There are 2 protein chains.
Amino acid sequence: MTSAETGGTRLDPWLESYAARAHAMRASEIRALFAVASRPEVVSLAGGMPYIGGLPLEELGEMMRRIVVEQGEVALQYGSGQGYEPLREHIVQVMALEGITAHPDDVVVTTGSQQALDLVTKIFIDPGDVIVAEAPSYVGALGVFRAHEADVVHVAMDADGLVPAELERTLARLKAEGRRVKFLYTVPNFHNPGGVTLSLERRPQVLGICERYGVLVLEDNPYGLLGFDSDPLPALRSMSPEGVIYLGSFSKTFAPGFRVGWAVAPHAVREKLVLASESAILCPSHASQLAITAYLDHHDWQGQIKKFREQYRERRDAMVSALEEMIPEASWNVPDGGFYVWLKLPEGLNSKSMLPRAVTARVAYVPGTAFYFDGQGADHIRLSYCYPTPERIREGVRRLAGVVDQELETVRIFGADAGGGGDTVEFPSPDLA
Amino acid sequence: MTSAETGGTRLDPWLESYAARAHAMRASEIRALFAVASRPEVVSLAGGMPYIGGLPLEELGEMMRRIVVEQGEVALQYGSGQGYEPLREHIVQVMALEGITAHPDDVVVTTGSQQALDLVTKIFIDPGDVIVAEAPSYVGALGVFRAHEADVVHVAMDADGLVPAELERTLARLKAEGRRVKFLYTVPNFHNPGGVTLSLERRPQVLGICERYGVLVLEDNPYGLLGFDSDPLPALRSMSPEGVIYLGSFSKTFAPGFRVGWAVAPHAVREKLVLASESAILCPSHASQLAITAYLDHHDWQGQIKKFREQYRERRDAMVSALEEMIPEASWNVPDGGFYVWLKLPEGLNSKSMLPRAVTARVAYVPGTAFYFDGQGADHIRLSYCYPTPERIREGVRRLAGVVDQELETVRIFGADAGGGGDTVEFPSPDLA
């Protein structure tokens, strides 16, 4: 019987052939919901898509024209696996804004910083190795860690980011258990999804603890330049060049459509990253790299970042004031930068089982369970204010408030919703990034 | 003592932390040689860089300008992990030229077909699994297979490509040994580096053998439309939609700088490929995908391929006639398409140990050892005619002839060179692709 004859269910003739790691690769039910949530009538507070409407498209179009006409034989050709050298020189300058001293030879350009995450995990993780990460953590990183069969152990955050005492306790326990901890994965600035920033005081503490336990630090910093009120804090990498792999990205400070990110790593690690990247993609896109280089060369990119900060601050304000007005029974942090509010639902509500009802009410969010490796998070949701206009944000929160009210009514009648949880988002989707 | 104090040798503080797979990631000595070989005074017959000088850069520049100005909010944004749908529709049309019937939903767009190779290997290969591949095979595929700790077993080719009887014998032996063979990796058209094409007659034979042994076929076809004399043969995928994963690329038929390739796979496999790709890079570059889409929409891309075919044929002729004239003591195939001549050196010469002397004589090639998993190939070299002009090709062959003459003289005096071999190129470099 062929798959056509079975009508609907397609059998997988290669089911027995997959690698062990592939069995965990399943599309979660959340993905199907987000396919619905991408319809225009739904207000999506789910996605991490940056607002790029403010970019000067006429100027950028002319920039692309000139790149192809004047440098086409370079832009359209294969390039170096490590990345285009003039771009790596620029990246060194960008990182200097966060106190990092690096050489262009330390930089590896990647297809978005997501690829850098994948490469670092690939060269360090054997199945069963432990990665320590904040609770909660970026869904896309958890997807990569799961794909490489790592075990993730979460460490608590508070309003000042990762709690050093908790980190120390966790590393001590794992050491006593004989586990191999390969690295600490951390988003120190404007955390995704937590919204908090690791305080200046705690930065050397975290580094000191990791150094004592021989644990590498993987510093993922897509939002560092997007603070609303203050200059960026010094990067962890600026305090420990040999102990930290730093990941950066142009997706949030310029545009994600070029897929250009980077890693900066200690010398020997950098060499392996280049080899792993060549194996994965041969080389990053020259066309994209020359575009970013020309943008940094000829445009007021720091002025553009300032505009983004103002736009995102306005949207953050819209979301926070709408939440205060319409969902006062929930609690949340007020982020100083980045894209996300991490909201704790009123007692008894379940973020996972509420999602279909929210989508029916034409508002989408990401349930907190997506951001944990271990099924926690059913009491939280992530709300993004980066993409919708302030008016749409307000409308989205209004719809969400209606859903929350209905859920609370149901809880009053039938008791707390124990459903959901556990079934986390196995792999990142661009919708969720 | 810090690494600076050791002067030169940098210690790797993370040496104990690497995954098992990373220990094989070492830069080969050949890479260092190619850094020298990229100097302009060296005629490189090594690289697989396509000739893109013939592209209409003014038109393409204007095309890029319009994409950014008119579709910037899409082109510069994140996209779907599976790829931009209008591009997937075009890809279906491109594949129809080789007899393939597919649906856009079967297509996964990747960062060059190299990424597709990586993703397929990732979802199928557990350490120690066997991949059967032609002898020789594409260096970049061998690098991916090694990175995923596969074992590669080579099967002989002749002038009509992979030899079915050898394939059957090999699969029977591996089955008897209890080995898990996951797939056959094959480049059926204008093989890299072999230059040969799998005959029409053999195609169903190869598929039948693989089906009997339950072995998936991975058909890698970057050169299929670049035949000099005839229309493309039907793809293996056209004869066995459920038994073949097909990989295609725009790098050789248009331009590699956008890094756009694709995979077409049976439905369930396709789903896992999308998840694996999202984990690796979130999504392929929208800017690149819209560029390819506009190119296919508005340009005479088939006319451009015809021009490429004529240019490459002229270069092939230049190389073959120079070889006949200047290195008659070697033997080689005359390829009907693609980029490569696979040359057998005169008795007693070693392609690996000859390379430094060739680079000194300002000509570069890739030693045959790069194309085997098991140290074979010291008696062969791969010569590329895709990038240099006919005049430069002739000059390169002249220099190579001088080196071969010197080597033969040395062999006459001191006996055959037993050096080299074994130390294969661990990872693909864009220079070698």
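**Helices across and within the chains**

Author: Let's start where the chains meet: the axes of α3(A) and helix α3 (residues 57–75) of chain B come within 8 Å and cross at roughly 160°. Axes here are lines fitted to C-alpha atoms, for helices over the stretch in contact, and angles run from 0 to 180 degrees between N-to-C directions. This is a predicted model, where local features need pLDDT of at least 70 and side-chain atom pairs count only at pLDDT 80 or more, while totals for chains, interfaces and linings use all residues. Residues are numbered from 1 along each chain as its sequence is written, and chains are lettered from A and ligands numbered from 1 in the order in which they are written.

Reader: Why are α3(A) and α3(B) called roughly antiparallel?

Author: Angles over 145 degrees count as roughly antiparallel, under 35 as roughly parallel, 65 to 115 as roughly perpendicular and the rest as oblique. The two helices cross at roughly 160°, so α3(A) and α3(B) land in the roughly antiparallel class.

Reader: Which residues of α3(A) and α3(B) meet?

Author: Among those of α3(A) are A:L57, A:M64 and A:V68, and among those of α3(B) are B:L57, B:M64 and B:V68. "Contact" means C-beta atoms, placed from the backbone, within 7 Å. By class, this contact of α3(A) with α3(B) has ten nonpolar, four polar and eight charged residues. Ala, Val, Leu, Ile, Met, Phe, Trp, Tyr, Cys and Pro count as nonpolar, Asp, Glu, Lys and Arg as charged, and the others, Gly among them, as polar.

Reader: What makes up the side of chain A that touches chain B?

Author: The contact takes 78 residues from each chain, A and B. On the chain A side, α3, α5, α6, α10 and α11 each give two or more residues, and α3(A) gives the most, with 13. That side divides into 42 nonpolar, 21 polar and 15 charged residues.

Reader: How do you know that chain A is as compact as a globular protein of its length?

Author: Chain A has 14 helices and 14 strands. Its radius of gyration is 22 Å, close to the 22 Å that the globule rule gives for 433 residues, so chain A is as compact as a globular protein of that length. The radius is taken over C-alpha atoms, and the rule is 2.2 Å times the number of residues to the power 0.38. Helices (H or I, at least four residues) and strands (E, at least two) are DSSP runs, numbered from the N terminus.

Reader: And why is A:Y340 called buried?

Author: Buried means 20 or more other C-beta atoms within 10 Å of a residue's own, exposed 12 or fewer, partly exposed in between, with C-beta atoms placed from the backbone. A:Y340 has 26, so A:Y340 is buried. A:Y340 lies in strand β11 (residues 340–344) and touches residues including A:N192, A:P193 and A:R382.

Notes
Contact = placed C-beta atoms within 7 Å. Lists of a residue's contacts leave out its neighbours within four places in sequence.
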